[in-house]
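Please keep the sequence and the 3D view at hand while reading.

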Amino acid sequence: MRWLSDNALERLREAAEWPDLAGTRYEAIEQIGQGGMATVFRVRDTVLDRMCAMKLLRLPDDTTGIGPRLRLESRILADLEHPGIVPVHDAGELPDGRPFYVMKFVRGQRLDDVVHDGVDLAERLRIFERVCEAVAFAHSRGIIHRDLKPENVMTGEYGEVLVLDWGVARVLVDRDGGDAESDAAHDVAAEADRPVTRHGTVLGTPGYMAPEQASGETGEIGPAADVFALGGILWFLLSGEHPLADSTDYMPPVSVAVPPRLIAISQKAMAPVPSDRYASVDLLSADIRRFLEGNAVGAYRETLWDRLGRLARRHRVAILLVLAYLLLRVVLIFFDRR
Amino acid sequence: MSDSSRSAAVGGSFPPTRHSLLADLRADEPDVRARALDALARLYWRPVYKHLRRRLGLSTHDAEDTTQAFFAHALTADVFESYDPRQARFRTFFRVCLDRFAANEYRAAGRQKRGGHIQHVPIDVEGAERELERAGVVAVSDPDAEFHREWVRSLFGLSVESLEAWGRETGRQVHFSLFERYDLDEAPGDRPTYQALSDEFGIPVTQVTNYLAAARREFRRIVLARLREVTTTDAEFRAEARDLLGVDVQ
């Protein structure tokens, strides 16, 4: 028997995990992502001859609730038809028993990589607005993402912005009444609703997780939890630093100059008490838009100097024209008197 | 049953029913017990030998002697009678039995074995010693984790052997060679690209993709079939499969 190094063992482990796509329309090309229980492969759809991404469980599993969660995720994505949410093409079960779904293969960069590449502030805020639009749409469909963070946002090669990984999303459904089909959906939703996995891990990412989510208070988790996470993403876009997982101070000191009005927007979105945050993602997005247009933002109380400075920046061209005109008049008067 | 026919019989990766290794080990019929023990020994002798060498510091001769004696003892005594699947995984129980045997019963069993010159398990001591040499000095802080690591190494090593046999017997040597180059290459660093493999083997990239997928599928089936052979319950089989394919062995 040949001797296998630890390195070879790891490679063989990956090989053994390779999905069995026999009898499906897909061919696995390469593994492009891996989480605790699910793996994402780049696959080729042999019927349409196009690249897709396939997310599947690492192992068949009907005891931990991960399988139903993956199926629910595919149904959530199917329901969320929006340019900012990655579309799902197919879902099912592999011959080896693992549930999977197939989605668009996004060529581009993760948001954290985009920021580290030094994109300018206006472009970062444009991306942030696109993220807000996608999340606001999901909220309008009764779905809370619960794990928004830069790593779950992709920017495509044509400027598109996509929110990914709806694996721990919460479905706000009416649990009373309903037919058999919706009852079953409720069971899955209830399973996906668990704030704590059976392995004892709170769902979400420290720093981007609202206090009510971190404490496991499932009933308290609503759109405000996503508003909090968006505040964290905004902070990351402004500073290049992830927010701290500290309930008293989320924002680490940064070396870059950040406009105080944007800091205030981020702070308001990340208020520890949900009722102190923006009441909706739309309101958060509107404040960003006001900043970009040079208007006063709701999260920041301006002093007189702040206001004058903002107005000066906003009407810079008009002010320069007036000053130029006045200067010209002064020069003309001066030469007339001579 | 050959490895290839066994793997073919597995079909899907997680068969719904299985025979009980435990029942076979406890069977009244000596033939059934011997077959079950043979399956165990093929997988376990290396981890056992290395455990005795590394953990207990036995000499080459004593480790070989004790390995043989332990399997002989397991065949004749009711070593696995007290195993309760609810308490621990079988390989953990197995290692505890080995430690107990090595500590308390080696002398008696050794005398018996040496007197009878019985050799039940084909042991490649030189091969095992070469492996120990290649692995270098390893500090064993967690004997169970170390035993598990060697168990995985043995399981995968036997499975690779079976995969090679599958390639040879079914005319899929290129499949195995590609698998060997891409998934079994010992060298650290980047793997060869599919394009590089395509150039090396003189086949299109799509064929590289398909052949590799087929070899991996077969490898997975072989691993799970072997795992099924040496676990005692469906729950243990699934737990071991989950650990083997989903958790870092480090």
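B:Arg53 is partly exposed, with a relative accessible area of 24%; buried means under 20% relative accessible area, exposed over 50%, and partly exposed in between, with a 1.4 Å probe and protein chains only. The model is predicted, so local features need pLDDT of at least 70 and side-chain atom pairs count only at pLDDT 80 or more, while totals for chains, interfaces and linings use all residues. Residues are numbered from 1 along each chain as its sequence is written, chains are lettered from A in the order in which they are written, and side-chain values use heavy atoms, with hydrogens and water left out.

**Salt bridges in chain B**

- The side chain of B:Arg53 meets that of B:Glu129 in a salt bridge, at 2.7 Å from N to O (a side-chain nitrogen of Lys or Arg within 4 Å of a carboxyl oxygen of Asp or Glu).
- Because B:Arg53 lies in helix 3 (residues 30-54) of chain B and B:Glu129 in helix 6 (residues 125-135) of chain B, the pair ties together parts that are 76 residues apart in sequence.
- B:Glu129 counts as buried, at 18% relative accessibility.
- A salt bridge also joins B:Arg89 and B:Glu240, whose closest N and O atoms are 3.3 Å apart.
- B:Arg89 is in the loop between helix 4 (60-76) and helix 5 (90-116) of chain B, and B:Glu240 is in helix 11 (residues 234-246) of chain B, so this pair ties together parts that are 151 residues apart in sequence.
- B:Arg89 is partly exposed, with a relative accessible area of 25%, whereas B:Glu240 is buried at 1% relative accessibility.

**Salt bridges involving chain A**

- A:Glu30 and A:Arg42 form a salt bridge, with the closest N and O atoms 2.9 Å apart.
- A:Glu30 belongs to strand 1 (residues 26-34) of chain A and A:Arg42 to strand 2 (residues 38-45) of chain A, so the pair ties together parts that are 12 residues apart in sequence.
- A:Glu30 is partly exposed at 33% relative accessibility, while A:Arg42 is buried with a relative accessible area of 18%.
- A network of salt bridges links A:Asp6, B:Lys50, B:Arg54, B:Glu146, B:Arg149, B:Glu150 and B:Arg153.
- Over all chains, the count comes to 31 salt bridges.

**Chain B as a whole**

- Chain B has 11 helices and 0 strands, where helices (H or I, at least four residues) and strands (E, at least two) are DSSP runs, numbered from the N terminus.
- Of the 250 residues in chain B, 50% are buried.
- The accessible surface of chain B is about 11,600 Å², and 48% of this belongs to carbon and sulfur atoms; accessible areas come from the Shrake-Rupley method with a 1.4 Å probe, and for residues only the protein chains shown count as cover.

**A surface patch in chain A**

- A:Ile319, A:Leu320, A:Val322, A:Leu323, A:Tyr325 and A:Leu326 make a nonpolar surface patch of about 570 Å².
- Patches are made of residues with over 30% relative accessible area and no salt bridge, like charges being joined within 9 Å and nonpolar side chains (Val, Leu, Ile, Met, Phe, Trp, Tyr) within 5 Å.
- A:Val322 is located in helix 11 (residues 316-337) of chain A and is partly exposed, with a relative accessible area of 45%.
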